[in-house]
Every structure is written in C-alpha cells, then in structure tokens.
Amino acid sequence: MNHAYESTYVNYKFEKLPEAVRFSAQRLISMFKDDFIRGETPICWDNTVSTLIGFANMKAYTVWHKAIPLKDCTSITDYKKVWKLLDVEKGEYDTSYTVCNENSEMKIYVGIKRITGSECSGHNSSNVIIYIPYSYEFDFNLIFENLKEGQYDFSPFNYSDVLSGIATDTPGMFILHYSGLCGTVYLTVYGKDVVKYFDINICNTFPENSESIYRRGIKTEM
C-alpha cells in the first residue's frame, strides 16, 4: 500500500549496552498530503543485523501485544485474545497478565507466532522478534512468566532488563525490539555477548534514503 509521505533517516547512532546493542536514527517525514504515518524503521538495520549474527540459520518468532486499560477488559476481550484484538493470524501460544503502576492498571494480551523466510523482514510485522538456534526448543511458558514477573508493558524503553534477562538466560537467543519516540526510532538487540558482532563505526554504512519497514507496535509521534 502506497502512502503519501516519504521517510528519510539521519543522525544514525550505535551504542553498546550491557548484553545488548542499540541502533537509533532521527526519522524525517516529507508529507504530500494528510495521511496516517505508520511506525517504520530503516531496513538497513535488519539486513546488517541479520547478516552479522546469522539469523538465516535460526528460528524466528514474533511477539504480538495489546495493552488495554483494565477497566475496559471484559469476557469479550479475553475471548478475542491478542490475535483477534490485532486481527493477526493465530500463533502457537498466547496469554495475558495485569500490569499495575502509579498511573494506571493495564491488561497485556500477548501472543507468540512462528515466522519464516520473508516474514522476518516483511511489512506489517510485530515490533518484537525472537531468534533462537534450530537445536533449541522454544519455552513459551518461560518467556511469559518473565514478562509477567517483570511487569513488562512493551513501552518504548530504550533498554529493558526484562528482555535482556530473557535473552541472556537462553543460550543463542537474540531479541529484537523496535520502538519509536518523539521522532527517533530505535532497534535494541538483546543477547549474550551480542556486542562482539558489531563494530562501533557500523553507522557509516547506513544510507539516509533506506527503505522502510512497517512494524506494528511502534509509536508514531513526530
């Protein structure tokens, strides 16, 4: 689907974090007419990360999520689960849990879906993707228990101890979290010793006119 705007990316940055790396860029929008701006990130990030880590030899799963104020949750939302709430094809596993903070109480509906091939870097994907070696069985319950215990609400944090803990506790696992806030987009890659795959000057290879990938779950405030 064509949209009446163009995205360019400037001020690429790369940071090494504890058991994680973070890419960021300022996203500039050229509007041709009023249009809905989608949550997008540059495809050059995906191509580079996939090549350097070797995702072609791993299994991939998307994590779908929908937060609804607890007061608005009913038996209907529970019945729909994350799949019907987001109009996404049903995956392998789903659950829900409640997150409470000072300002609100939310129910987080979560599901995990196996993806293959072009789906890994295709449009209309989730903004959280998990990669694991083919030799490992995916422990759905462990993932969900960590999300629930950590009260993870999928907010656009630049770094998450919850995601970092999940990734580093499973040998060979990597978690990609795409997010956006105030005109800047991010990709944080979590995994044990993930920093060894990247050179600090990697941003020099990223173009301003990179093709964009639409990922659901990314905030679009510009």
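Glu 19 counts as partly exposed, at 27% relative accessibility. Here buried means under 20% relative accessible area, exposed over 50%, and partly exposed in between, with a 1.4 Å probe and protein chains only. Glu 19 sits in the loop between strand S1 (5-17) and strand S2 (20-31). Its phi is positive, about 55°, although Glu 19 is not a glycine.

This is a predicted model, in which local features need pLDDT of at least 70, side-chain atom pairs count only at pLDDT 80 or more, and totals for chains, interfaces and linings use all residues. Residues are numbered from 1 along each chain as its sequence is written, and side-chain values use heavy atoms, with hydrogens and water left out.

**Confidence and elements**

- The protein chain averages a pLDDT of 86, and 88% of the residues score at least 70.
- pLDDT is the predictor's confidence in each residue, from 0 to 100.
- Among the elements of the chain, helix H2 (residues 75-86) has the highest mean pLDDT, 96. Strand S11 (residues 212-216) has the lowest, 82.
- Helices (H or I, at least four residues) and strands (E, at least two) are DSSP runs, numbered from the N terminus.

**Helix H1 and the cysteines**

- Helix H1 (residues 43-53) has these buried residues: Ile 43, Cys 44, Trp 45, Asp 46, Thr 48, Val 49 and Ile 53.
- An α-helix has 3.6 residues a turn, so residues three or four places apart point the same way.
- Gly 54 follows H1 and has a positive phi, near 95°.
- A search of the whole structure finds 0 disulfides. A disulfide is a pair of cysteine sulfur atoms within 2.5 Å.
- Cys 44 is buried, at 11% relative accessibility. Cys 203 is buried too, at 14%.

**Salt bridges**

- The whole structure holds 6 salt bridges. A salt bridge is a side-chain nitrogen of Lys or Arg within 4 Å of a carboxyl oxygen of Asp or Glu.
- One of them joins Lys 107 and Asp 78, at 2.8 Å from N to O. Lys 107 lies in strand S6 and Asp 78 in helix H2, so the pair ties together parts that are 29 residues apart in sequence.
- Lys 107 is buried, with a relative accessible area of 15%. Asp 78 is partly exposed, at 32%.
- Asp 94 pairs with Lys 81 in a salt bridge, with the closest N and O atoms 3.4 Å apart. This pair links distant parts of the chain: Asp 94 is in strand S5 (residues 93-100) and Lys 81 in helix H2, 13 residues apart.
- Lys 81 is partly exposed, with a relative accessible area of 35%. Lys 81 also has a positive phi of about 60°, although it is not a glycine.
- Asp 72 forms a salt bridge with Lys 71, where the closest N and O atoms are 3.4 Å apart. Asp 72 is partly exposed, at 39%, while Lys 71 is exposed, at 71%.

**The largest pocket**

- The largest pocket holds about 410 Å³ of space. On a 1 Å grid over the protein atoms alone, a pocket is an open set of points with protein on both sides within 12 Å along at least five of seven lines; a cavity is a set where a 1.4 Å probe fits but cannot get out; lining residues have an atom within 4 Å of a point.
- Grid points are joined across faces, edges and corners, and a volume is the space filled by probe spheres set on the points.
- Its lining has 20 residues, and His 65, Lys 66, Ala 67, Phe 154 and Gly 217 lie nearest the centre.
- Strand S4 (58-69) and strand S6 (105-115) each supply at least two lining residues. S4 gives the largest share, 5 residues.
- By class, the lining has 10 nonpolar, 6 polar and 4 charged residues. Ala, Val, Leu, Ile, Met, Phe, Trp, Tyr, Cys and Pro count as nonpolar, Asp, Glu, Lys and Arg as charged, and the others, Gly among them, as polar.

**Cavities**

- The structure has 3 cavities of 30 Å³ or more.
- The second largest cavity holds about 50 Å³ of space.
- Which classes of residue line the second largest cavity? The lining has 9 nonpolar, no polar and no charged residues.
- Among them are Val 63, Phe 154 and Ile 175.
- Strand S8 (128-133), helix H3 (140-149) and helix H4 (161-169) each supply at least two residues of this lining.
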